[in-house]
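Here is a briefing on one protein chain. Please have its sequence and its 3D view open as you read.

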Amino acid sequence: MNSRRVVVEFGEDDLETLLRWSTSSLASVRCALRANMVLMAAAGFADRVIAQELAVSAPRVRRWVARYVKLGLKGLEKDAPRGGRPRLVSAQRVIELTTQTQPEAATQWSTRTMAKEAGASAATISRIWRSHGLKPHLSKTFKVSNDIRFEEKLTDIVGLYMNPPERAVVLCCDEKSQVQALDRTQPGLPLKRGRAQTMTHDYKRHGTTTLFAALNILDGSVISQCQPRHRHIEWLKFLKQIDTNVAPDLQIHVVLDNYATHKHPKVLQWLAKRPRFHMHFTATSASWMNMVERFFRNLSEDRLKRGVFRSVDELIDAINLFVLAHNENPKPFIWTASARDILEKVMRAKAKLNTVQIA
C-alpha cells in the first residue's frame, strides 16, 4: 500500500506553538504527540513514516493532520466527538420529574424507579442527580414560627446574646424531660480495628429523670439539677438554686420557652418578689433561640446515646459528671446571626410556603 503525503501549511504563530507543545513538559502528552504529527507532515514525511516514528497507526496520523488542516490548533487541543449510541435521556427531564413529581406508590424517587420512568440506566440517573445536587432519599424537618410577636421576641433575645447588659448574667434555661435510664438486654462488643462498637437495639427501662439546666452565655458554664418530675414545684426549686448560685449584686436575665410551668401563678408570685429576675420568652415553635439546646445536644450525643444505666441514680451520676467536666473548661456558644438576617430568612420561608400552598 502506497503512503499518502499530505501538504500542511501554517503561519509563524502556529509553528511556534506546535514546536512548544512538541517539546514542553507542561503540555499534555496528547497535544505533544499531535503537534509532532503535524510538524512531521509539514516537513513532507508520509503518514506511514510518521506512524512508525511515533508508534501510532497511520489512520490516526491522517485523522489529526486533517483536523489541524480544517480547524487549526483548536482541532488538536480537544478530542473529536465520539460516535456511538446517542443520548436518549434529557437531564432537564430527569430534574423536572425528580423535583415536580412522585412515583405512583412511593413518596420519593430512587435511581431504579427514576431510571424506569425516564428510560435510562440507574447509573445515568445517579450521575445526573449528583451533578445537580439532588438527593431524593434525604429530607429535613423544619418549623416556621407563627407567633404574632415573633419579631419582638427575636430582637429581644438576640440583643441579649450579642450585646448583654452590664452587671447582669444571661442564662438560657430549659428542661430535658423524660431522660431514660436504659440498660441493654445483652452486653455489646467494644470498638476495635476494623469493627465498630456494637450494642443491642433493644433495652430495659429503669425509670426517668428530668434535667433542669441554665447555660451562662458569657462563659458557657452550666447550673444543673436533676429532679424526678418537671412541674412548677420543680421549676421553682431550680429557680431558687439559680438565685443562690448567682451573685446577689447581679441582675438575672433568663431565656426560656413558653412551657406552662414557667408561667404558673406560684412561679409568677415568687418572681414578683425578686425583681432582679427578668424573663425573656422565646417565640412559639422557635426553641432554636435558646442556646441551652446546644448543650442538651452535646449531652445526648456524647454521654447518653451509648450509655448503659442500670438505675436512675446511675443516670443522674453520669449527667452530673458530664456537667462537672463541662464546667471545668467551659466554652460559650457564640451567637453570630443578627436579628435582621434571621427575620429576612424567616420572611422568605413564609413567602415560599404561601406560594406552595396557593399552588
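Strands β1 (residues 168-184) and β2 (residues 203-216) pair in the antiparallel sense, over 11 bridges. They belong to an open sheet of five strands, with mixed pairing. Keep in mind that this is a predicted model.

**Sheet layout**

- The strand order is β3-β2-β1-β4-β5.
- β3 and β5 (277-281) are the edge strands, each with a single partner strand, so one side of each has no neighbour in the sheet.
- On average, neighbouring strands of this sheet are turned by 25° against each other, direction ignored.
- β1 is mostly covered, with 13 of its 17 residues buried.

**Strand pairings**

- Cysteine 172 has leucine 215 in β2 as its bridge partner.
- β2 with β3 (residues 222-227): this pair is antiparallel and has six bridges. Leucine 211 is bridged to cysteine 226 in β3.
- The hairpin of β2 and β3 has five residues between the strands. Glycine 220 in this hairpin takes a positive phi near 85°.
- β1 with β4 (residues 251-256): these strands run parallel and are joined by five bridges. Alanine 168 has glutamine 251 in β4 as its bridge partner. Valine 170 is likewise bridged to histidine 253 in β4.

**Helices on the sheet**

- Which strands does helix α9 (residues 150-162) touch? Helix α9 packs on the sheet and touches β1, β4 and β5. The direction of α9 makes about 125° with that of β5.
- Helix α13 lies across β1, β2 and β3. Its run is at about 30° to β2.

**Helix pair α3 and α4**

- Helix α3 (residues 47-54) packs against helix α4 (residues 58-71) at an angle of about 110°, with the axes 8 Å apart. That angle makes α3 roughly perpendicular to α4.
- From α3, the residues in the contact are Asp47, Ile50 and Ala51. They meet Ala58, Val61 and Arg62 in α4.
- By type, the contact residues of α3 with α4 are four nonpolar, no polar and two charged.

**Helix pair α6 and α8**

- Helix α6 (residues 91-100) and helix α8 (residues 122-131) cross at roughly 80°, and their axes come within 10 Å. The two helices are therefore roughly perpendicular to each other.
- α6 contributes Ala91, Val94, Ile95 and Thr98. α8 contributes Ile125, Ile128 and Trp129.
- By type, the contact residues of α6 with α8 are six nonpolar, one polar and no charged.

**Tryptophan 335**

- Tryptophan 335 lies in the loop between α13 (312-328) and α14 (339-358).
- Is tryptophan 335 buried or exposed? Its relative accessible area is 17%, so tryptophan 335 counts as buried. The cut-off for buried is under 20%.
- Leaving out residues up to four places away in sequence, tryptophan 335 touches Val158, Tyr161, Met162, Trp288, Met289, Met291 and Ile342.
- A polar atom of the tryptophan 335 side chain lies 2.7 Å from the backbone oxygen of alanine 337.
- Tryptophan 335 and arginine 231 are 104 residues apart in sequence. In space they are 30 Å apart, C-alpha to C-alpha.

**Threonine 282**

- Threonine 282 lies in the loop between β5 and α12 (292-304).
- Threonine 282 counts as buried, at 2% relative accessibility.
- Setting aside neighbours within four places in sequence, which residues is threonine 282 in contact with? They are Lys153, Ile157, Val255, Leu256, Asp257, Asn258, Met289 and Asn290.
- Met289 is in contact with threonine 282, and tryptophan 335 touches Met289 too.

Methods:
Residues numbered from 1 in each chain as written. Predicted model: local features only at pLDDT ≥ 70, side-chain atom pairs only at ≥ 80, totals over all residues. Heavy atoms only, no water. Axes fitted to C-alpha atoms, helices over the stretch in contact; angles between N-to-C directions. Helix = DSSP H or I, 4+ residues; strand = E, 2+ residues; numbered from the N terminus. Parallel < 35°, antiparallel > 145°, perpendicular 65-115°, else oblique. Contact = heavy atoms within 4.5 Å. Nonpolar A, V, L, I, M, F, W, Y, C, P; charged D, E, K, R; others polar. Pairing = 2+ DSSP bridges. Buried < 20%, exposed > 50% of the residue type's maximum accessible area, 1.4 Å probe, protein only. Polar contact = N/O pair within 3.5 Å; in protein donor to acceptor, adjacent residues only side chain to side chain.
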